[in-house]
Amino acid sequence: PPSRPVLFHPVPPPYSFIRLLLLLSATMAKIETKMEDLEPVIDRCSQLMQGGDYSGALRHAIEHPISSKDAKVKEAAAKNICAAMAGVGAIVKFIENAEETEHDTLMKYTFKGMDIYRNENKGKNCAKFLKWHDELVKKCGLGVIMRAMVDKKC
């Protein structure tokens, strides 16, 4: 009688499914951002802001995202981005030119900026962040608020 085709070939032990998953997850894991990795980004943003290019500083900052559990690194990155956001004059133009995924990042830092600047200058800079909030909601809808509130990376 003809032999039946084998429908399932067992995978040899060194290449088991679990081992492949572990290798894949290890290569996809993000590298932890350290303060020394963030300092060149902050320095470049400071140079751009001193030259009056707040949009360029913000663009540079969001193009170099951080991945860190260190509170000091997260706070330094947030202060850098929020300082640039506070200085941007053409908010609508910046939002129009931003990538869709960057809108969520901008909303996260909008909330963070309101927190950072709430006690400075009697909250005057909070008005700037409310403008960011308003324009992002106009462009992206209410979903951008929910996505920003759920993401804990900021």
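**Exercise 1. In which helix is L48 found? Describe its surroundings.**

Solution.
Step 1. L48 is found in helix α2, which covers residues 35-50. Helices (H or I, at least four residues) and strands (E, at least two) are DSSP runs, numbered from the N terminus. The model is a predicted one: local features need pLDDT of at least 70, side-chain atom pairs count only at pLDDT 80 or more, and totals for chains, interfaces and linings use all residues. Residues are numbered from 1 along each chain as its sequence is written, and side-chain values use heavy atoms, with hydrogens and water left out.

Step 2. With a relative accessible area of 14%, L48 is buried. Buried means under 20% relative accessible area, exposed over 50%, and partly exposed in between (1.4 Å probe, protein chains only).

Step 3. Setting aside neighbours within four places in sequence, L48 is in contact with D53, G56, A57 and H60. Contact means heavy atoms within 4.5 Å.

Step 4. A84 is 36 residues from L48 along the chain, and the C-alpha atoms of the two are separated by 9.2 Å.

**Exercise 2. Locate N80 and decide whether N80 is buried or exposed.**

Solution.
Step 1. N80 has its place in helix α4, residues 71-87.

Step 2. The relative accessibility of N80 is 7%, so N80 counts as buried.

Step 3. Apart from neighbours within four places in sequence, the contacts of N80 are V41, I42, C45, M49 and A61.

**Exercise 3. How many salt bridges does a search of the whole structure find? Work through three of them.**

Solution.
Step 1. The search finds eight salt bridges. A salt bridge is a side-chain nitrogen of Lys or Arg within 4 Å of a carboxyl oxygen of Asp or Glu.

Step 2. Take E96 and K139, whose closest N and O atoms are 3.6 Å apart. E96 lies in helix α5 (residues 91-97) and K139 in helix α7 (residues 124-140), so this pair ties together parts that are 43 residues apart in sequence. E96 is partly exposed at 47% relative accessible area, and K139 is partly exposed at 40%.

Step 3. Take R147 and D104, whose side chains meet in a salt bridge of 2.9 Å, N to O. Because R147 lies in helix α8 (residues 143-150) and D104 in helix α6 (residues 100-117), the pair ties together parts 43 residues apart in sequence. R147 is partly exposed, with 42% relative accessibility, whereas D104 is buried, with a relative accessible area of 19%.

Step 4. Take D134 and K138, which form a salt bridge of 3.4 Å, N to O. Both residues lie in helix α7, four residues apart, about one turn of the helix. D134 counts as partly exposed at 34% relative accessibility, while K138 is exposed at 58%. The two also belong to a network of salt bridges that links K131, D134, E135 and K138.

**Exercise 4. How many aromatic pairs are there? Classify each.**

Solution.
Step 1. The count comes to two aromatic pairs. Rings of Phe, Tyr and Trp (its six-membered ring) pair if their centres lie within 6.5 Å; planes under 30 degrees apart count as stacked, over 60 as edge-to-face and the rest as tilted.

Step 2. F94 and W132 are 5.9 Å apart, centre to centre, with 75 degrees between the planes, and the pair is edge-to-face. F94 lies in helix α5 and W132 in helix α7, so the pair ties together parts that are 38 residues apart in sequence. F94 is buried at 7% relative accessible area, and W132 is buried at 0%.

Step 3. The rings of Y117 and F129 have centres 5.6 Å apart and planes at 20 degrees, so this pair is stacked. Y117 is in helix α6 and F129 in helix α7, twelve residues apart, and the pair links distant parts of the chain. Y117 and F129 are both buried.

**Exercise 5. How many residues does the largest nonpolar core have, and which helix gives the largest share?**

Solution.
Step 1. A nonpolar core is a set of buried Ala, Val, Leu, Ile, Met, Phe, Trp, Tyr and Cys residues joined through side-chain atoms within 4.5 Å. The largest one has 36 residues.

Step 2. The residues with the most contacts inside this core are L58, I81, M85, F94, L106, F129 and W132.

Step 3. At least two residues of the core come from each of α2, α3 (54-62), α4, α5, α6, α7 and α8. The largest share, eight residues, comes from α4.

Step 4. Not counting residues up to four places away in sequence, F129 touches C82, M85, A86, Y109, T110, G113, M114 and Y117.
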